[in-house]
Amino acid sequence: MSGYTDTGLIVAGDVFMGEVDSDGNVGALSGPINVPSLAITPNTVETIERQSYKKSTYGQTLDAVNLPNEAANLTIQFDSLPAIMLAEALAGTTVAIDDAADTVTGEAHTLEEGLWIKLAGSNLSSGSVTVTETAGSTDITADCEIDHAAGLVKANTTAAATDVTIDYDTDAATGTRVLGASEISKPRFVLVEGVNLATNKRCRVQIDRVVLSSDQATELMGREFISGQLTGSLVTLEGKDSPYTMDMYD
């Protein structure tokens, strides 16, 4: 351990985060995550004082004890937003999308002029949609507008605003679906593998367990890169002396 050397501290770091259980068992980690801000707030305290009522020191404090009030907490902001991190920002979880190609025939709907109806399927194959008038079996596809990706159909004429059956094919699709607002409490392990830019020496922050929750609105249609923010209490695990550590290397 080195002695005292006066130096400043600015941390640049690769941040990794993943699930952790109450015993401290850490799952797979996401990262490196781009984190504009990672702030740790110490415990808040309630101060209990014993005041003097003696003649010479009346009103002065004889003893003061700080009792713990709220736990230390972490606030982490991030703008790395693949699906797994978007789920963190939206208080959600993820599941895999693995849709097979399909053929649908005779799906019944009533079209309205100028308004969209939603088909049961989406990711429609180009050129596969046929809209047929139920009464008379007339093909009115040319009088309709089709959004293939979303699976939407709209009647463009008064004549097409009628009862119809719709045939279509769907394309296979893979990806990740975010189930928003499905995980309010997020116990996480956080690791920052960094460097002090003032000294160019390594540093590391390890947070064994923090119970996070999403605490800000996510602007999906803004003019800036979307960011997420999580805040939560730091937990000291059994057998540990503190809820987190910061190592400063020589």
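Author: Please do; note that this is a predicted model.

Reader: Why is Asn123 called partly exposed?

Author: Buried means under 20% relative accessible area and exposed means over 50%. Asn123 has 30% relative accessibility, so Asn123 counts as partly exposed. This residue lies in the loop between strand 9 (116–118) and strand 10 (130–133).

Reader: Why does Ala181 count as exposed?

Author: The relative accessibility of Ala181 is 62%, which is over 50%, and therefore Ala181 counts as exposed. Ala181 is placed in the loop between strand 14 (173–179) and strand 15 (186–196).

Reader: What makes the contact of Lys154 and Glu145 a salt bridge?

Author: A salt bridge requires a side-chain nitrogen of Lys or Arg within 4 Å of a carboxyl oxygen of Asp or Glu. For Lys154 and Glu145 the N to O distance is 3.4 Å, so the pair meets that cut-off. Lys154 is buried, at 15% relative accessible area, whereas Glu145 is partly exposed, at 36%.

Reader: Which parts does the salt bridge between Asp208 and Lys240 tie together?

Author: The closest N and O atoms of Asp208 and Lys240 are 4.0 Å apart. Asp208 belongs to strand 16 (residues 201–214) and Lys240 to the loop between strand 17 (228–234) and strand 18 (244–248), so the pair ties together parts that are 32 residues apart in sequence.

Reader: Why is Asp208 called buried?

Author: Its relative accessible area is 9%, which is under 20%, and Asp208 is therefore buried.

Technical notes:
Residues numbered from 1 in each chain as written. Predicted model: local features only at pLDDT ≥ 70, side-chain atom pairs only at ≥ 80, totals over all residues. Heavy atoms only, no water. Helix = DSSP H or I, 4+ residues; strand = E, 2+ residues; numbered from the N terminus. Buried < 20%, exposed > 50% of the residue type's maximum accessible area, 1.4 Å probe, protein only.
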